[in-house]
Amino acid sequence: MVKPRLILVLGDQLCAEISSLRIAEKERDVVIMAEVMAEATYVSHHPQKIALVLAAMRKFAVALREDGWTVAYSKLDDEANTGSIPGEIVRHASEFEADEIIATTPGEWRLIAALNDLPLVVRQLPDDRFVTSPKEFANWAEGRKELRMEWFYRQVRRKTGLLMEGNAPAGGKWNYDSQNRKPVPEDARPPKPPSFQPDAVVGDVLDRVEDRFAEHFGELYPFKFATDREQALEVLDHFITHTLARFGDYQDAMVAGEPWLWHAVISPYLNIGLLQPMEVCRRAEEAWRAGVAPLNAVEGLIRQIIGWREYVRGIYFFEGPDYTSRNALDHSRPLPAFFWGDETHMSCVSEVVGQTRNHAYAHHIQRLMITGNFALLAGLDPRAVHHWYLSVYVDAFEWVEAPNTIGMSQYADGGVVASKPYVSSGNYISKMSDYCTGCHYDVRAKTGARACPFNLLYWHFIERNRDRFQHNPRMAVIYRGWDKRDAGQRKAVLGDATDWLGRLDSGETV
Ligand SMILES: Cc1cc2nc3c(=O)[nH]c(=O)nc-3n(C[C@H](O)[C@H](O)[C@H](O)COP(=O)(O)OP(=O)(O)OC[C@H]3O[C@@H](n4cnc5c(N)ncnc54)[C@H](O)[C@@H]3O)c2cc1C
Ligand code: SF4
């Protein structure tokens, strides 16, 4: 008799066309899916993220069985559950007398190594749910002095034909970002993304998560995420029909009490396999061609998906397993307790952390220019920052989170991703949000007890990194402006910044 093979399907590989399933044989092979404590706790993931992955896994397993597959599914509470992916593979290999495992390559070095270390034959197939492969990225990157996303993006536009008119970009420009920085007018009302009432499967998962992960940061309820492909398609439909047209205009804006604004909120579904990148981009392009959404919005979205998303995955695999330990600026300050919900007087940080706790979601500019900006200005340990981002967001998987955090946000890779650090004073936050209204701090104050900490820390960052950045062509002007200031004024700003950091370090509420 031909031995069965085990087909491993991980919690972020929930797609019927995944490469491991494509080469499997229904009559012969056994699909294994495992809920394991090791994956749920290697960082303390937000309870809504754990619930999303487990619920979507359970529904995907049901769909596979209905389609004729044999599925060995380990629930978290199963007595025999060994608690880890390698443990479950070994257990099932013995149960089914299988000595070959077929997997789609995991999106994380940690799991790739764990599969390679198994005492079994493991075939790791390419994960071809992406528009580009790590090899394609490496070919592009090899020999370049700088790995700028924009150049990679143009190559992927040409490859896919998205928003192309012959060899030229639609509308004559590759990038319409300059039109995408508008603050939200007071009377604008953003549409809410669809929300889904828990069904029996989701309800059961929520009970388990409530029992097991109550101490993790984040509220479990209300849980409203889509948990199967049909629901995820509903989210996509809603976005294309009601939201996309203004996605570009207000992409960088932030409004207190409005977590989603005109964002798509599709990253969790793209990242676990319920939606595919090209189907999202094609739908967006069709909307532009049909006159439903303007070019700045559609190009902006497509750039995020075939540009940034593909690019960060390329970086993750190109830079190698040590990427998450990089610390180019030698930052070591521990993560302040307000990142885990303790009180802070900075209303921008408090708003973003509060929203993250409630919804496991913050949009890009909130992640980059509020929490990320603060972490970089204050010199927080980038590894602790990386673990925080990996823990608290529903869409967080290392291949996408790490280059965004270590690279784009914290400059800890020394400039591989970002040509200059993403830092700003309070002025940017005040321009792009309404957070400063009513804040304990005064965004206009440059010194003194009420000076906005972003104003103080910005110059502290600039001064303490003078050797590294003053000759950066994109930053020289900042140093020239700073150096022209009165020496006494500069001293006062830096002194206040040092005092403020001292209060932060002593655990005072700041
Ligand atoms: C410090 C930091 C950490 C981040 N961590 C993650 C993460 O763990 N997982 C994650 O998916 N994204 C991450 N991002 C990128 C981005 O913030 C999210 O993809 C986005 O906020 C998801 O919400 P949305 O679907 O509403 O996105 P939209 O703003 O509506 O954008 C549409 C889609 O574009 C893609 N996209 C946009 N920006 C990026 C980007 N920079 N990198 C990769 N894809 C992008 C996403 O798939 C997203 O769903 C991070 C950004 C920063 C600055
Ligand atoms: S004043 Fe400063 S700390 Fe307060 S919300 Fe504005 S930017 Fe944030």
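User: Which backbone atom lies 3.0 Å from an oxygen atom of ligand 1?
Analyst: A backbone N or O atom of I266. Keep in mind that this is a predicted model.
User: What about side chains? Which residue puts a polar side-chain atom 2.9 Å from an oxygen atom of ligand 1?
Analyst: That is N271. There is also R367, where an N or O atom of the side chain is 3.5 Å from a nitrogen atom of ligand 1.
User: How much of ligand 1 does the protein bury?
Analyst: The protein buries 99%. Taken alone, ligand 1 exposes 810 Å².
User: Which elements give two or more residues to the shell around ligand 1?
Analyst: Four helices are listed: α10 (267-272), α12 (295-319), α14 (364-378) and α16 (398-409).
User: And how many residues surround ligand 1?
Analyst: The count is 30. The closest are H263, A264, V265, N271 and Y361. N271 is also the residue with the 2.9 Å polar side-chain contact to an oxygen atom of the ligand.
User: How do the residues of that shell divide into nonpolar, polar and charged?
Analyst: There are 17 nonpolar, nine polar and four charged residues.
User: New topic, salt bridges. How many does the structure hold?
Analyst: It holds 37. One of them joins the side chains of E108 and R110, with N to O at 2.9 Å.
User: Are those two buried or exposed?
Analyst: They fall in separate classes. E108 has a relative accessible area of 8%, so it counts as buried, the cut-off being under 20%. R110 is partly exposed, at 32%.
User: What about R444? Which residue does it form a salt bridge with?
Analyst: With D442. The closest N and O atoms are 3.4 Å apart.
User: Why does R444 count as exposed?
Analyst: Because its relative accessibility is 66% and exposed means over 50%.
User: Which residues do salt bridges with shared partners join into one network?
Analyst: The network joins E35, R58, D77, D204, R208, D211 and R212.

Notes. Residues are numbered from 1 along each chain as its sequence is written. Chains are lettered from A and ligands numbered from 1 in the order in which they are written. This is a predicted model: local features need pLDDT of at least 70, side-chain atom pairs count only at pLDDT 80 or more; totals for chains, interfaces and linings use all residues. Side-chain values use heavy atoms; hydrogens and water are left out. A residue is near a molecule or strand if one of its heavy atoms lies within 4 Å of it. A polar contact is a pair of N or O atoms within 3.5 Å; within protein, one must be able to donate a hydrogen and the other to accept it, and residues adjacent in sequence count only if both atoms are side-chain atoms. Accessible areas come from the Shrake-Rupley method with a 1.4 Å probe; for residues, only the protein chains shown count as cover. Ala, Val, Leu, Ile, Met, Phe, Trp, Tyr, Cys and Pro count as nonpolar, Asp, Glu, Lys and Arg as charged, and the others, Gly among them, as polar. A salt bridge is a side-chain nitrogen of Lys or Arg within 4 Å of a carboxyl oxygen of Asp or Glu. Buried means under 20% relative accessible area, exposed over 50%, partly exposed in between (1.4 Å probe, protein chains only).
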